[in-house]
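Work through the following exercises with the coordinates at hand, and check each step of a solution before going on to the next.

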Amino acid sequence: MRRVDSRWYQWIIVLLICSVMKVKAEVIPNKVAKTLVQDAFSKGAVCLDGSPAAYHYDQGSGDGVNNWIVWLEGGGWCRSVEDCGQRFNYSNGSSNHIDSKSFYGLLSNSKTSNPDFYNWHRIMIRYCDGSSYTGDVELVDKVTNQHYRGARIFQAIMEELLAKGMKNATNAILSGCSAGGLGTMFHCDRFRSLLPSTARVKCLSDGAYFLLDNDFKRANILESTYDGVVNLHNSAKVLPPSCTSRMNPASCFFPQHIQEDIKTPLFILNSAYDSWQVTSIVLSLIVDTVIPFADRQDFAENCKKNLSKCSPHQQKLLQGFGAEFLSALPKSYSPSQRGMYINSCLMHCQTDHDWSWNSNSDLLNNKTIAKVFGDWFFERDPSQEMVKQHDLPQICSPPS
């Protein structure tokens, strides 16, 4: 019997290991270290507790070296001293609780799941100010040591990124999810103004199209929240003047009031049945005279988890919210200036997971979010307007 040289076995094992490592590189995201803002204290770029603001930066390569994505993390808002103080022990109020971060979806370094943007410079700005990056208060509360500096955080990190090469960008995207998606709208034109006039610059707001009013006669919890945010964080001067000149600054936190004045091309990604709005606003916080407590509890325990168990009353409310959401979207605009992907998934943000960024759960015109946005950004098909409404939301889950 012919004897096989053991060195061949060694080479085969090495090749197998390399193959496995290559597959993992495509599937498993890299962890990106935390970067603290330089001279954060002198610039006032600090979190609620006074710790330096932070971001994660994964450097671009190859043909992506002149292209940049800046993604604003979300995490609700704090509208009172007590509310903001509760964030000190978490990453949404202090960089002391921020560690390295894995990048997914729009920020993924996988060519398979993120083919258009995988090798760009990709930055995640951590959310620790509680004001959608709008706060700008000089004085520090001496009793609580609270700082309201969201706008200064945005400005300081932009300065660092420009120094790292973003000032020479060929393509750039400002994006964000939820409160970060709202911050994306607030800062979209400001971001555009920082970059070369020759650069292609666009914005992507994800899960941030919050509604001002609805037909359910609910307590307007968002409006009162935004009133508190504006007053506590001194947000008014950061909001679009075209809006604040004609209405209460708190009303300018609602996209339907500001989107038409954004000059930079903007892509709106949302579900018509946004899960945060449906559960936290429309149903959980509706006054008892409209939805009895028992019905709200039933929604949280049954209907939300299995839509086939929704009562006729609950179905009617969901359908009403979806219809109202669609009616609040932009009505008339240039396709090159506004893109949209509005599906019916019962979820909140869709840019921060590989599976939702490339989801087959609720495709519009048989195209994923990643495909539609990429086509719109690069103007391969600038007329992208994808809007679909089912009678009820769809459960869109990651692949098993």
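**Exercise 1.** Determine which residues His56 is in contact with, leaving aside its neighbours within four places in sequence, and state whether His56 is buried or exposed.

*Solution.* Taking contact to mean heavy atoms within 4.5 Å, His56 is in contact with Val32, Ala33, Lys34, Ile98, Asp99, Ser100, Lys101, Phe103, Arg122, Ile123, Met124 and Arg126. His56 itself belongs to strand E3, residues 54-58, where strands (E, at least two residues) and helices (H or I, at least four) are DSSP runs numbered from the N terminus. Its relative accessible area is 0%, and His56 is therefore buried, given that buried means under 20%, exposed over 50% and partly exposed in between, with a 1.4 Å probe and protein chains only. The side chains of His56 and Arg126 also make a polar contact at 2.9 Å, the term standing for a pair of N or O atoms within 3.5 Å, of which, within protein, one must be able to donate a hydrogen and the other to accept it, while residues adjacent in sequence count only if both atoms are side-chain atoms.

The model is predicted, so that local features need pLDDT of at least 70 and side-chain atom pairs count only at pLDDT 80 or more, whereas totals for chains, interfaces and linings use all residues. Residues are numbered from 1 along each chain as its sequence is written, and side-chain values use heavy atoms, with hydrogens and water left out.

**Exercise 2.** Find where Asp39 is placed, and decide how its accessibility is classed.

*Solution.* Asp39 sits in the loop between strand E2 (34-36) and helix H2 (40-43), and its phi is near 50°, a positive value in a residue other than glycine. With a relative accessible area of 54%, Asp39 is exposed.
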